[in-house]
Amino acid sequence: MTSVLLADLSDSEHQGAIVELLDMYCRDQFGDSRPLSAEARANLVPGLAKHGGARVLLAYENDAPAGVAICLIGFSTFQARPVLNIHDLAVAPEFRGRGIGQALLAAAEAAARQAGCGKVTLEVRSDNVVAQRAYRRAGFQSTAPETWFWSLPLE
């Protein structure tokens, strides 16, 4: 049975699940294809807690950590309302195809509504068609005009 909960960032079990699931995602072909660095592992949860706008959702399948959605609250200047960005969404390979991603997306939408957000945003790689199908099933769509996610590395 799948359950999704808002992670308690001070709970050591939740902390471990968040780090391990994000590490799994980082090792994936659609992550960085390499593990989280020791620095990232050590600073991930404290950094999320310090951020103040983090909402981390954990999915469990029969008490085993199965998926994670790391969401960050931002602000839409056009709507003058908060925005919930799904920064990372990952389901462990052994749990894929069971609706866990959809459950995490529904929980993220519920968290956004509870926070008074005007929208939920996410980024998806152009070559990750499996994720794109999952996002479309949950009601997400490309913007018109289409927007691109750009970055400026600072390291």
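What pattern does the protein chain follow when read along the sequence? The order is β-α-α-β-β-β-α-β-α. In total, the secondary structure consists of four helices and five strands. Here helices (H or I, at least four residues) and strands (E, at least two) are DSSP runs, numbered from the N terminus. The radius of gyration of the protein chain is 15 Å, close to the 15 Å that the globule rule gives for 155 residues, so the chain is as compact as a globular protein of that length. That radius is taken over C-alpha atoms, and the globule rule is 2.2 Å times the number of residues to the power 0.38.

This is a predicted model, in which local features need pLDDT of at least 70 and side-chain atom pairs count only at pLDDT 80 or more, while totals for chains, interfaces and linings use all residues. Residues are numbered from 1 along each chain as its sequence is written, and side-chain values use heavy atoms, with hydrogens and water left out.

Some figures describe the protein chain as a whole. Its C-alpha trace spans about 40 × 35 × 35 Å along the principal axes. Of the 155 residues, 37% are buried. Buried means under 20% relative accessible area, exposed means over 50%, and partly exposed is in between (1.4 Å probe, protein chains only). The accessible surface comes to about 9,800 Å², and carbon and sulfur atoms hold 53% of it. Such areas come from the Shrake-Rupley method with a 1.4 Å probe; for residues, only the protein chains shown count as cover. Among contacts with a separation of 6 or more, 57% join residues 24 or more positions apart. A contact means heavy atoms within 4.5 Å.

The protein chain has 14 positive and 17 negative side chains, and the centres of the two sets lie 7 Å apart. Lys and Arg count as positive and Asp and Glu as negative, while His and the chain ends are not counted. The place of a charge is taken as NZ of Lys, CZ of Arg, CG of Asp or CD of Glu.

Now follow the chain from its earlier helices. G16 lies in helix α1 and counts as partly exposed because its relative accessible area is 34%. The C-alpha atoms of G16 and N85, 69 residues apart along the chain, are separated by 22 Å. The loop between α1 (12–27) and α2 (38–51) contains Q29, which is exposed because its relative accessibility is 55%. Between the C-alpha atoms of Q29 and A80, 51 residues apart along the chain, the separation is 37 Å. S33 is also placed in the loop between α1 and α2. The phi of S33 is near 60°, a positive value in a residue other than glycine.

D63 is exposed, with a relative accessible area of 73%. Strand β3 holds I73, which is partly exposed at 22% relative accessible area. Leaving aside residues up to four places away in sequence, I73 touches H51, G53, R55, P82, V83, L84, A115 and C117. The C-alpha atoms of I73 and H51, 22 residues apart along the chain, are separated by 9.4 Å.

Which residues of helix α4 are buried? In this helix (residues 129–137), they are A131, Q132, A134 and Y135. Seen down the axis of α4, the buried residues fall within an arc of 160°, so they line one face of the helix. The arc is that of the directions from the helix axis to the C-beta atoms. An α-helix has 3.6 residues a turn, so residues three or four places apart point the same way. The buried residues of α4 pack against β4 (81–91), α3 (100–114) and β5 (119–122). On the face turned away from the buried side are the exposed residues V130, R136 and R137.

After α4 comes G139, whose phi is positive, near 100°. The segment after α4 also contains A144 and P145. The peptide bond from A144 to P145 is cis, with omega near -5°. A144 counts as exposed because its relative accessibility is 79%. The C-alpha atoms of A144 and L22, 122 residues apart along the chain, are separated by 31 Å.
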